[in-house]
Amino acid sequence: MKKVVLLFLSALLLLSSFPFIASAEGMTVIAFGDSITAADKWQKYVESAHGIDVINAGVGGDTTNSARSRFKRDALDKSPDIVIISLGINDCAIDMDRYVSIEDYKANMGYFIDECKKVGARVLVNIPTPVVDEQYLTRHEAEPFEPYGGPNGIVALYAEACREVALEKNVVSADLNAMFLATDDYTKYFPDGVHPSDTGYKMYGEAVADVFERLWLGDINDDGSIDQYDYILSRRHYFGTIELDEKQLVRADVNCDGEPDIYDYILISRHYFGTYTLLGH
Ligand SMILES: [Ca+2]
Ligand SMILES: [Ca+2]
């Protein structure tokens, strides 16, 4: 009898956390970046997948240095819930005055993330997309890039630096660099060597949309906190007694290995008990 009552109570508790709401709806989402962000062709994929409007705060030619001076006005002062940060390609222009050293790039990215956290905004970092040397070098001097094996060699270093900052700051990232390089020929998606084609932007937008749900990693029942209800849902999914929807599956896979399983529900439980911090928290 006791068991039945307990089961009934736990079912009630689970039900009380339904129905699910679409978390991002009504939230202020800002995309802070350079011309690749400003081009605006990627964001419809994120908007339609998550029922949101993205405020585009992309400025062509921006490096992390030049973007710092407008970060407060264009991002922080808008009371953002979510900030998507996409910078780095212009920082790599070692032949130009606007070049930003890799140390300064990391410091600036860290600054953007820290400031977002201070105002309570969640952060999604886009790892810089690759460039195509041949087209890129029609507008830049080749020699300064030679020690790096060409422009995309230096972009690879900044992409790695960006991954390191995201990891260190424990924020969600979309590895657009790795995504394009994993295709059979990434160069066809960057007709001018830097900016994606329409197809490239579709891949870009869909990749950002895919990781977007990770901003709520662990909060499977979408009630704004990560607690025993999430742990129970995760566990029940693992044992096959409930089915999670597509977005819940992303949230349940807290170690982001593509499989919501026993390791994830242990991590959710550890996060709840304060012995582990989930990504993005
Ligand atoms: Ca929850
Ligand atoms: Ca997993």
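Trainee: Which exposed residues does the face of H4 turned away from its buried side carry?
Mentor: In this predicted model, the buried residues of helix H4, which spans residues 64-74, are Thr64, Ala67 and Phe71. Seen down the axis of H4, these buried residues fall within an arc of 65°, so they line one face of the helix. The face turned away from that buried side carries the exposed residues Ser69, Lys72 and Arg73.

Trainee: With which residues is Asn108 in contact, leaving aside its neighbours within four places in sequence?
Mentor: Once the neighbours within four places in sequence are left aside, the contacts of Asn108 are Thr64, Asn65 and Arg68.

Trainee: Why does Asn108 count as buried?
Mentor: A residue is buried if 20 or more other C-beta atoms lie within 10 Å of its own. Asn108 therefore counts as buried, since its number of C-beta neighbours inside 10 Å is 23.

Trainee: What is the order of the strands in the open sheet?
Mentor: The secondary structure of the chain comes to 12 helices and five strands, and the open sheet is one of five strands with parallel pairing. Strand E2 (54-58) and strand E5 (172-174) stand at the edges with a single partner strand each, so one side of each is left without a neighbour in the sheet. From one strand to the next, the twist averages 20°. Read across the sheet, the order is E2-E1-E3-E4-E5.

Trainee: How many of the residues of strand E3 are buried?
Mentor: Strand E3 covers residues 82-86 and is mostly covered. Ile82, Ile84 and Ser86 point one way from the strand, while Val83 and Ile85 point the other way, and all are buried. The count for E3 is thus five of its five residues.

Trainee: Which residue of E4 is the bridge partner of Val83?
Mentor: On one side, E3 pairs with E1 in the parallel sense over five bridges, and there Ala31 stands opposite Ile84. E3 also pairs with E4 in the parallel sense, over four bridges. In E4, the bridge partner of Val83 is Val123.

Trainee: Which residue in E5 is the bridge partner of Leu124?
Mentor: Strand E4, made up of residues 122-126, pairs with E5 in the parallel sense over three bridges. The partner of Leu124 in E5 is Val172.

Trainee: What distance separates the centres of domain 1 and domain 2?
Mentor: The domain assignment of the chain gives domain 1 as 2-21 + 219-272 and domain 2 as 29-215. Taken over C-alpha atoms, the centres of domain 1 and domain 2 are separated by 33 Å.

Terms used
Residues are numbered from 1 along each chain as its sequence is written. Chains are lettered from A and ligands numbered from 1 in the order in which they are written. This is a predicted model: local features need pLDDT of at least 70, side-chain atom pairs count only at pLDDT 80 or more; totals for chains, interfaces and linings use all residues. Two strands pair if DSSP finds at least two bridges between them. Helices (H or I, at least four residues) and strands (E, at least two) are DSSP runs, numbered from the N terminus. Axes are lines fitted to C-alpha atoms, for helices over the stretch in contact, and angles run from 0 to 180 degrees between N-to-C directions. Domain bounds come from an automatic or database domain assignment. A residue is buried if 20 or more other C-beta atoms lie within 10 Å of its own, exposed if 12 or fewer, and partly exposed in between; C-beta atoms are placed from the backbone. The arc is that of the directions from the helix axis to the C-beta atoms. Two residues are in contact if their C-beta atoms, placed from the backbone, lie within 7 Å.
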